[in-house]
Amino acid sequence: MKRSRVNEIIREADAFFRSFGYVLPPFAWLSPQEMRERRQEIAGITEARLGWDVTDYGEGRFDELGLFLFTVRNGRAEDLTRGRGMLYAEKAMITRKDQLSPMHRHVVKAEDIINRGGGTLVIELFMSDARGDVDESAEVVVPTDGILRRMPAGSHLKLMPGESVTLMPGVWHAFWAENADVFIGEVSTVNDDATDNVFREPIGRFSTIEEDEPPVHLLVSDYERFLD
């Protein structure tokens, strides 16, 4: 994925969020140079991997297979084992019309996926079998805004703006926007994108970036390379 395209997506994402009255936190606007100069001061940002995330899942087809994410806050995995502390995370995401986020599940993370505005959010759902693989026959059971929903395996749950679903660890899900792009909110337990995503098909979580121009802002996947 070309850096110029990533820069363009970041600018588009900011405009899209603002159209819903949502404003990203101040650290979103740090330049790469500012982040280098303030490495120690912003350790809480980089260690928690807060910030911009644009992925095409390593396939180079962002418009068809991709997702925009911004991690607003994120706790520590160590706190989960202690059972106290900052046990939560929050993301703002954009899925574009007919843009697929592929089938995956999480090992640790439970998450609320919220349609904050735009089109219809469509989520394809399966439960896990005893080995953790997709169960093609088991009934899907998920809470939607406090109401337990039961549906056949592979059902397409459609969330209108304001609606949400809670996905527990092990629930397989893929999603896309219908009719128009969707602003997605995610509230979850502590998030570790490097280890906690299990994809049904062999696919990467992060993009490989072709540096055809300087980054306007660093992605979370840039931190080690640009700041260490």
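Student: What makes the pair formed by the backbone oxygen of Asn191 and the side chain of Asn74 a polar contact?

Tutor: The backbone oxygen of Asn191 lies 2.9 Å from a polar atom of the Asn74 side chain. A polar contact is a pair of N or O atoms within 3.5 Å; within protein, one must be able to donate a hydrogen and the other to accept it, and residues adjacent in sequence count only if both atoms are side-chain atoms. The pair therefore qualifies as a polar contact. The backbone oxygen of Ala48 also lies 3.1 Å from a polar atom of the Asn74 side chain.

Tutor: Note that this is a predicted model, in which local features need pLDDT of at least 70 and side-chain atom pairs pLDDT 80 or more, while totals for chains, interfaces and linings use all residues. Residues are numbered from 1 along each chain as its sequence is written, and side-chain values use heavy atoms, without hydrogens and water.

Student: Why is Asn74 called buried?

Tutor: Its relative accessible area is 9%, and buried means under 20% (exposed is over 50%, partly exposed in between; 1.4 Å probe, protein chains only). Asn74 is therefore buried. Asn191 counts as buried too, because its relative accessibility is 11%.

Student: Which residues is Asn74 in contact with, beyond its neighbours within four places in sequence?

Tutor: Contact means heavy atoms within 4.5 Å. Among the residues in contact with Asn74 are Ala48, Leu50, Tyr88 and Asn191. Asn191 and Ala48 are 143 residues apart in sequence, yet 8.8 Å apart in space, C-alpha to C-alpha.

Student: What makes a space in this model a cavity, and how many are there of 30 Å³ or more?

Tutor: On a 1 Å grid over the protein atoms alone, a cavity is a set of points where a 1.4 Å probe fits but cannot get out; lining residues have an atom within 4 Å of a point. By this rule there are 2 cavities of 30 Å³ or more. The largest has a volume of about 160 Å³ and is lined by 19 residues.

Conventions: On a 1 Å grid over the protein atoms alone, a cavity is a set of points where a 1.4 Å probe fits but cannot get out, and a pocket is an open set with protein on both sides within 12 Å along at least five of seven lines; lining residues have an atom within 4 Å of a point. Grid points are joined across faces, edges and corners, and a volume is the space filled by probe spheres set on the points.
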